[in-house]
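Me: Could you help me learn to read a protein model? I'd like to pick one residue and then zoom out.

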Amino acid sequence: MIIKNANNWSSHSVSDALFWSALSFVIISGWMLYMGPNFYSVHPYKFYFFAATVLAYFFGYITASIYILIASIYANLYFVPPFGIFTLTLDEFERFLINLLFGSVAIFFIEVLQRQRFKSKLLLLVSESRYLIILHRDNQLLQELKRKE
């Protein structure tokens with residue numbers, strides 16, 4: 001049997017994804033601003049990428065990819081010195097690329113695993129419904145045979 005809709009595995013709506021994405025973005029940004037420049041200049045991307053992997057687990061790779069893109073630009077603009085200017089020196093680019101690579105790999109693996117989990121769940125539901133159909137059909141045939149006897 002070919003399962004074609006295993007890509008649509010998330011049971012959450014788009015509004016849920018937007019709400020939790022925005023909430024995590026605001027919480028992480030506020031917390032990093034509270035911790036100060038000594039903290040967020042060392043860890044500008046890590047918490048956003050962690051939040052993106054959690055979002056990928058619940059809402060899928062599209063939400064997580066958009067979140068990473070927006071959060072990376074924001075983090076580079078406000079949490080990487082010189083603040084308020086979008087620059088990428090070689091060291092900053094290397095740090096950004098490593099974080100992007102780890103985050104993207106995690107999001108990719110989560111998406112593949114979630115699709116396989118959903119596919120197996122669909123196959124289980126289909127097999128259960130087919131079993132019930134066969135069972136009811138057999139019961140009907142037995143009842144018809146008893147009536148004829």
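Me: Which residues does threonine 63 touch, not counting residues up to four places away in sequence?

Reply: A contact means heavy atoms within 4.5 Å. Here, threonine 63 touches Ala17 and Ser21, once residues up to four places away in sequence are set aside. Keep in mind that this is a predicted model, where local features need pLDDT of at least 70, side-chain atom pairs count only at pLDDT 80 or more, and totals for chains, interfaces and linings use all residues. Residues are numbered from 1 along each chain as its sequence is written, and side-chain values use heavy atoms, with hydrogens and water left out.

Me: Why does threonine 63 count as buried?

Reply: Buried means under 20% relative accessible area, exposed over 50%, and partly exposed in between (1.4 Å probe, protein chains only). Threonine 63 has 18% relative accessibility, so it counts as buried. Across the protein, buried residues make up 30% of the 149 residues.

Me: Which helix holds threonine 63?

Reply: Helices (H or I, at least four residues) and strands (E, at least two) are DSSP runs, numbered from the N terminus. Threonine 63 sits in helix H4, residues 61-78. The protein has five helices and zero strands, giving the pattern α-α-α-α-α.

Me: What is the radius of gyration of the protein?

Reply: That value is taken over C-alpha atoms, and the globule rule is 2.2 Å times the number of residues to the power 0.38. A compact globule of 149 residues would come out near 15 Å, but this protein has 24 Å. Its C-alpha atoms fill a box of roughly 90 × 25 × 20 Å along the principal axes.
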